[in-house]
Amino acid sequence: MEQERVIQIRNLNVYYKNHKKTPFSKDRMNHVLKGVDLDVYEGEILGLAGESGCGKSTLAKTIVGMNKIYDGVLEQKYSDPQMVFQDPYSSLNPSKKIGWLLEEPLKSDKKYKWTKEEREKRVKEIIKAVGLTENMLDRYPSQLSGGQRQRISIGVALMRNPKVLVADEPVSALDVTIQAQILELLQQLHRNMGITILFISHDLRVIYQICDHVAVMKDGIIQEYGETKSVYKNPSSEYTKELLRAAGIRK
Amino acid sequence: MKRFLSLFRKNKATGKRNSYLILGCIFTGVILLMVFIGLFYMPYSPTKMDASSKLQGFSFKHWMGTDHMGRDVLSRVMYGSRVTLAIAASTIVIGAGLGTIIGALTGYFGGIFDEVSMRVIDAMLAFPSILLSLVFVSLFGTGTYQVAVALGISFVPSFARIVRGEFLRSKNMDYVEVARLQGVSDMRIIFVHILPNTVGVLMSSIMIGFNNAVLAEAGLSFLGIGAQPPYASLGNMLSDAQSYLFNRPSYVISIGVVIVIMVLGFSFLSEGIKRISNY
């Protein structure tokens with residue numbers, strides 16, 4: 001069965017402008033993504049691996065439209081992709097209750113006008129879907145643990161029923177047992193709702209656990225792409241081998 | 001209400017009491033009670049003169065004595081603190097209101113608008129606020145309302161600075177990015193998402209600002225601008241009283257003590273609010 005592409009990226013270049021240090025020095029452009037080609041297929045979990053600073057987050061931000069300055073082709077089948085951030089402590093507004101936070105994406109939905117009853121129903125639906133109970137809705141984020149907060153962040157991203165979810169290091173700020181639970185939750189949501197997930201992580205073990213395909217990135221270039229199992233068995237690039245060795249997966 | 005009351009008890013975790021908050025509430029409570037009673041009942045009319053009882057000391061008939069025109073000082077203090085508090089409150093409403101809007105917009109959007117308004121604010125901050133309000137008063141004319149507006153404008157820069165700083169800190173937080181990603185409008189992000197997170201800082205600076213406003217009003221009235229005789233405000237009463245510093249010290253002292261209680265009350269309150277999270 002030929003799978004459909006949800007996201008098609010061809011020769012994507014992204015630059016950041018370095019601010020002038022003195023009035024006399026020239027503006028320098030920081031070339032972050034250097035011609036990235038990547039396909040994301042419908043209904044898969046694609047892992048994006050690479051060391052810090054290699055451009056993973058920039059790619060994620062470009063896909064969800066937070067970074068509007070780029071050249072190259074970026075075609076998406078579905079509009080309105082959503083994103084889960086790394087740090088569950090800063091991605092939830094500390095002065096709002098959980099119920100409010102979950103409702104907010106529906107209030108600002110431009111495609112569909114949600115009535116109050118529909119919003120309440122949807123909030124209850126999602127809080128169950130992310131494995132929490134309704135009595136959480138009256139709490140503030142500071143009263144929740146890191147894992148619970150990350151569940152809420154995922155819930156906020158899912159409110160408008162997106163087809164594509166970009167998860168930028170969603171488990172790196174959590175400890176190992178909670179990591180496993182959140183990964184479990186992502187897999188479960190992927191199965192039940194048929195969401196395509198672009199999973200970004202520096203942890204190759206985590207990617208091996210949940211991803212169908214994997215792309216390895218270094219210095220703004222995709223070094224290697226393929227099915228997760230075959231890449232882990234026979235890595236073609238030196239960099240992937242090195243990463244696998246560092247993760248203790250390969251000797 | 002229960003949560004509010006628990007602020008005054010000992011914190012179970014640290015075993016400490018927020019004594020600043022308690023003292024602040026007592027002091028401001030005394031002043032507010034006095035002003036509140038003054039709305040309905042004053043022992044004498046604050047403007048009624050009586051040549052036969054000039055410059056008396058403390059007595060049961062005149063609790064705070066009388067002034068150089070035989071007016072009852074307690075009644076005048078009741079009336080004067082009302083005027084002073086009203087001016088201070090409207091100063092804060094104008095200053096904090098405008099300052100918050102300017103600070104929020106410049107901090108959030110940045111760019112050329114930010115640069116220009118910050119340089120204007122720097123220029124305003126370079127003048128002492130008393131001098132600045134003197135300039136405004138000479139533009140608008142003297143009187144209670146004019147002083148309130150003048151002081152309000154001279155308080156805008158400090159509030160704008162504080163709020164701008166908070167917005168610069170908050171605008172790159174992930175929760176703002178999340179809101180932006182969901183297509184929440186900028187105005188809603190500014191006033192609904194970020195502004196509630198600045199309330200802690202804003203509240204304590206409002207309290208400090210209130211203090212400064214009381215002192216600035218007293219200062220301006222002392223200089224003869226502000227509430228005009230025969231009507232009283234704490235400042236112009238103090239300026240009257242200083243001529244009788246040596247032959248009737250009780251006159252100066254009673255007014256001075258009221259100003260001290262008022263100012264101390266608000267600074268304790270601001271410190272107490274600042275510490276709520278730590279207790």
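Tutor: Residues are numbered from 1 along each chain as its sequence is written, while chains are lettered from A and ligands numbered from 1 in the order in which they are written. Because this is a predicted model, local features need a pLDDT of at least 70 and side-chain atom pairs count only at pLDDT 80 or more, whereas totals for chains, interfaces and linings use all residues.

Student: How do you know what confidence the predictor has in chain B?

Tutor: The pLDDT, which is the predictor's confidence in each residue from 0 to 100, averages 85 over chain B, and 96% of the residues score at least 70. Within chain B, the confidence is lowest in helix α1 (residues 2–6), with a mean of 71, and highest in helix α8 (residues 186–194), with 92. The model as a whole scores ipTM 0.84 and pTM 0.81.

Student: What makes up the secondary structure of each chain?

Tutor: Helices (H or I, at least four residues) and strands (E, at least two) are DSSP runs, numbered from the N terminus. By that count chain A has eight helices and nine strands, whereas chain B has 11 helices and zero strands.

Student: How do you know whether the radius of gyration of chain A agrees with that of a compact globule?

Tutor: The radius of gyration is taken over C-alpha atoms, and the globule rule is 2.2 Å times the number of residues to the power 0.38. For 251 residues a compact globule would have a radius near 18 Å, and chain A has 19 Å, which agrees. The C-alpha atoms of chain A fill a box of roughly 50 × 50 × 35 Å along the principal axes, and those of chain B fill one of roughly 75 × 55 × 30 Å.

Student: What does Tyr244(B) touch?

Tutor: Two residues are in contact if their C-beta atoms lie within 7 Å. Leaving aside residues up to four places away in sequence, Tyr244(B) touches Leu55(B), His68(B) and Tyr251(B). His68(B) is 176 residues away from Tyr244(B) in sequence, but 8.1 Å away in space, C-alpha to C-alpha.

Student: Why are α2(A) and α3(A) called oblique?

Tutor: Axes are lines fitted to C-alpha atoms, for helices over the stretch in contact, and angles run from 0 to 180 degrees between N-to-C directions. Angles under 35 degrees count as roughly parallel, over 145 as roughly antiparallel, 65 to 115 as roughly perpendicular and the rest as oblique. The axes of α2 (residues 98–107) and α3 (residues 116–129) of chain A come within 10 Å and cross at roughly 120 degrees, and the two helices are therefore oblique to each other. Among the residues making this contact are Leu102(A) of α2(A) and Ile126(A) of α3(A).

Student: What makes α3(B) parallel, antiparallel, perpendicular or oblique to α9(B)?

Tutor: Helix α3 (residues 73–109) and helix α9 (residues 199–222) of chain B pack at an angle of about 135 degrees, with their axes 9 Å apart. That angle makes α3(B) oblique to α9(B). The residues in this contact include Gly95(B) of α3(B) and Phe210(B) of α9(B).
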